[in-house]
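Trainee: Mind if we go through this two-chain model together? I'd like to work it out bit by bit.

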Amino acid sequence: MLGYTLSRLGRAAVTLIIVVSLAFVILRLTGDPGQIMLGPDAPPSAYAAFRRNWGLDQPIWVQYLKYFAAIFEGDLGRSMRDGRPALEVVMERAPITLAITGPAFLMNLMIGLPAGIIAALHRNTALDRAIMTVSVLGFTVPSFVMGLTLALIFAVQLRWLPSGGSDTWAHAVLPIATMGLIGAAVIARFTRSAMLEVMGQPYIRTASAKGLPWREVVVTHALPNAAIPTLTIIGFMVGSLVAGAVVVESIFSWPGVGRLLVTAVANRDLAVVQVILLAIGFTMVAANLAVDLAYGWIDPRLRLKPTPTGA
Amino acid sequence: MTDATSPARRDPEDADRARTGSVFTTKSRAAAFFERFPPAVLLALAWVAMTLVVVAIAPLITPYDFKVMDLRARLMPPVFAGGDWAHPLGTDELGRDVLSRLLISVRVSLVIAFLSTLIAATLGVALGFLAAWARGRTEQVILMLIDAQAAMPFMILALAVLAFLGNSLALFTLLLGFYGWERIARIARGLAIAASEQGYATAVRDLGASPWRIYGRHILPNIASTLIVSMTLNFPEVILLESGLSFLGLGVQPPLTSLGSMVGYGRDYIQSAAWIMLAPAAAIVATTLSISIIGDWLRDLLDPTLR
């Protein structure tokens, strides 16, 4: 288990380095930061001073290493809008985003997992078809259409809920529902196919042939094995929740990180964009690491070293 | 055939078999047709065919110029909500004809999605083949890139690039071309490794063919059907991504219009003139749904192993 954990940690570290490097490359791709910040009409002396101040006159690999060092020190530049540290600007929005992505994630699991399992256990019945028909919508309806449709029904027509803002808990209902429903549909579909895959295995036939009650076959044999592929999709869901939050927060004027990202991109507030990029990269790596470690916990086969024969 | 005549059987198919003496069951032509082309698939194919026609001739069939404003005819409702046939789908806040804008938007969104998918497929196949051919360290680097790409939500990366590089239609299309390359690369690599161990690949290699010839002329045609299916499944996701970014105002820029940007501008009028956003929203859902249905159908038809 220790070896497995270490190898996963190593992989997470490599991915992190790639994400950080990517941010650096994108930053440098913009061309000359001096020209962008100072404008084309800046006097050459100011331009030279700027380059010296920001270390742009040094070789690219020195800049790259300094960039890493700065990240470790938590020095990620200042927002161009109000001059506050970009990290602080992003971090004060993080809890606001978690307030809707957290419940949405729970909703994904609480609706998606049972729906997928029920559909698989009632394969090819009307119930299965109904669940799958609804879940197709999760793949084909973009989150902004889902969000605006919910707003149109519950805010404009029925006037039950507010259509935007963040003053009361009622404001959080529609954003959570939008992300919760879409994710639940995706999870339901994957859970169903994972369950069907497992239910077709010989050990399920053996278990029911030796006279185990059906309930026990499902709970002790099918579910733990179906959990393994389902975990992968749950790790992936974290990423789509993050991307979904960008759109959903914009629709419902929810002042979280997603909306901050959209305004920062529109204003080209590069320091803030970069911090958000890194923060999301870290979150994704952490989520994937958690999924990988959970694999090892659920599936004992993964803890053992694979043999050369691949047995 | 003795059991076919046994009286214990009550299955109609067997009865049929007993009567005709054939192992084949008779099935009406219509039933056979609908089994091969389910109604949902037919509807999807019809919708896609229609959008393709729109893509080809949109500027010829739009009743108005999609950019022309008519401030005397602002926010006219569509026909089914009490409007008149001058503007079948109504007009927007600047008096522009929604139907004309919708047709042009379908064209813009689909052309962008098509070009981007083509870029992703080219990139994915090239890197997948390179990994399969080079193996060793090159393969490790490509696999690492695949993992890194899969680890970041693409929308966030796209937003970051747009923030740093600014926006233009060409850059935007190219950027979306990076969506999904890693899945295609993974599939192409796996298939190419499996194919290169087969007799035909060994044969051309032993005859002295160059890697370009082996991979381009022999392996690619043999694995093309699977690759085409995965492209079909990538396509609707690119449409969703494009419309999402355009919805946020960070994709296709005015005066050009796309389905997502129409919804984005229409959302300000959700209270008073919901039709502005409903028409493009419905077009997005119908198109992505149709292509997904066709993709699944093609997958089952061409390559059941992908299921």
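Trainee: Which residue takes a positive phi just after helix 9 of chain B?

Mentor: Bear in mind that this is a predicted model, where local features need pLDDT of at least 70, side-chain atom pairs count only at pLDDT 80 or more, and totals for chains, interfaces and linings use all residues. Residues are numbered from 1 along each chain as its sequence is written, while chains are lettered from A and ligands numbered from 1 in the order in which they are written. Helices here are DSSP runs of H or I with at least four residues, strands are E runs of at least two, and both are numbered from the N terminus. Go just past helix 9 of chain B and you find the positive phi, about 95°, at B:G208.

Trainee: How many residues of helix 9 in chain B are buried?

Mentor: A residue is buried if 20 or more other C-beta atoms, placed from the backbone, lie within 10 Å of its own; 12 or fewer makes it exposed, and in between is partly exposed. Helix 9 of chain B spans residues 199–206 and is hardly covered. Among its eight residues, the buried count is zero.

Trainee: How many helices does chain A have?

Mentor: Chain B has 12 helices and zero strands. Chain A has zero strands too, and its helix count is 14.

Trainee: Which helix of chain B supplies the largest share of the side that touches chain A?

Mentor: Contact means C-beta atoms, placed from the backbone, within 7 Å. The contact takes 40 residues from chain A and 35 from chain B. On the chain B side, helices 5, 6, 10 and 12 each supply at least two residues. The largest share, nine residues, comes from helix 6.

Trainee: Which chain B residue is A:L261 in contact with, leaving aside neighbours within four places in sequence?

Mentor: Within chain A, the partners of A:L261 are A:V246, A:V273 and A:I276. From chain B, the partner is B:L159.

Methods: Contact = placed C-beta atoms within 7 Å.
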